[in-house]
Amino acid sequence: PFIYTMDKFTVNLGGEPKRTIRIEVNLEMLDQEGFEDVINTENRARTRDKIVEILNEKTFSDLETMQGKLFLKEKIALEINKIIPRGVVKDIYFSDFVVQ
């Protein structure tokens, strides 16, 4: 498999009370071409920015259930597939997911 592990990052969630999430996202790409697209410096920055934007819109209650995490994975994959020109995100894995 072609898996790109993004650097860990911490993001403010939306809603009250204010909470943050520390997350490490792993992108499983369909093929080598997609992997090369996602590691491209420009695409990597745009991808990270889009994930931050998605997380800023989420609240703790959106993410506390397994279903909420699955919806988040789906949303991230959909948005990243719009950014990268040739690649396809096959799956998303969270290797770190802490909400405080």
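Helices (H or I, at least four residues) and strands (E, at least two) are DSSP runs, numbered from the N terminus. The views below show a predicted model, in which local features need pLDDT of at least 70, side-chain atom pairs count only at pLDDT 80 or more, and totals for chains, interfaces and linings use all residues. Residues are numbered from 1 along each chain as its sequence is written, and side-chain values use heavy atoms, with hydrogens and water left out.

**Figure 1. Overall architecture of the protein.** The secondary structure consists of four helices and four strands, arranged from the N terminus as β-β-β-α-α-α-α-β. The C-alpha atoms occupy a box of roughly 40 × 25 × 20 Å along the principal axes. The radius of gyration, taken over C-alpha atoms, is compared with a globule rule of 2.2 Å times the number of residues to the power 0.38. For 100 residues a compact globule would have a value near 13 Å, and the protein agrees because its own value is 13 Å. Contact means heavy atoms within 4.5 Å; among contacts between residues at least 6 apart in sequence, 68% join residues at least 24 apart. Accessible areas come from the Shrake-Rupley method with a 1.4 Å probe, and for residues only the protein chains shown count as cover. The protein exposes about 5800 Å², of which carbon and sulfur atoms supply 49%. A residue is called buried under 20% relative accessible area, exposed over 50%, and partly exposed in between (1.4 Å probe, protein chains only). By this criterion, 38% of the 100 residues are buried.

**Figure 2. Aromatic pairs.** Rings of Phe, Tyr and Trp (its six-membered ring) pair if their centres lie within 6.5 Å; planes under 30 degrees apart count as stacked, over 60 as edge-to-face and the rest as tilted. A search of the whole structure identifies two such pairs. In one of them, the ring centres of Y4 and F35 are 6.5 Å apart and the planes meet at 75°, so the arrangement is edge-to-face. This pair connects distant parts of the chain, with Y4 in strand β1 (residues 2–5) and F35 in helix α1 (residues 32–39), 31 residues apart. Y4 counts as buried because its relative accessibility is 14%. F94 and F97 form a tilted pair, with 5.1 Å from centre to centre and 50° between the planes. F97 has a relative accessibility of 21% and therefore counts as partly exposed.

Figure 3. Buried face of helix α1. G34, F35, D37 and V38 are the buried residues shown in α1. These residues lie on the same side of α1, because they cover an arc of only 160° around the axis; the arc is that of the directions from the helix axis to the C-beta atoms. Their cover includes β1, β3 (20–29) and α2 (41–57). Q32 also belongs to α1, and at 36% relative accessibility it counts as partly exposed. Charge over a ring, and a cis peptide bond. A charge sits over a ring if NZ of Lys or CZ of Arg is within 6 Å of the ring centre and within 35 degrees of the ring normal. The charged end of R19 meets this definition over the ring of F60, at 4.1 Å from the ring centre. E16 and P17 are joined by a cis peptide bond with omega of about -5°. P17 is located in the loop between β2 (9–12) and β3.

Figure 4. E79 is placed in helix α4 (residues 66–83) and counts as buried, its relative accessibility being 10%. Leaving aside residues up to four places away in sequence, E79 touches K50 and I54. K75, also found in α4, is partly exposed, with a relative accessible area of 32%. The C-alpha atoms of K75 and I54 are 7.9 Å apart, and these residues are 21 residues apart along the chain. In α2 lies E57, which counts as exposed at 54% relative accessibility. From E57 to G15 the C-alpha distance is 8.2 Å, with the two residues 42 residues apart in sequence.

**Figure 5. Surroundings of Y93.** Y93 belongs to strand β4 (residues 89–99) and is partly exposed, with a relative accessible area of 32%. Not counting residues up to four places away in sequence, Y93 touches I3, E24, V25, N26 and E28. Y93 and N56 are 37 residues apart in sequence, and their C-alpha atoms are 19 Å apart in space.
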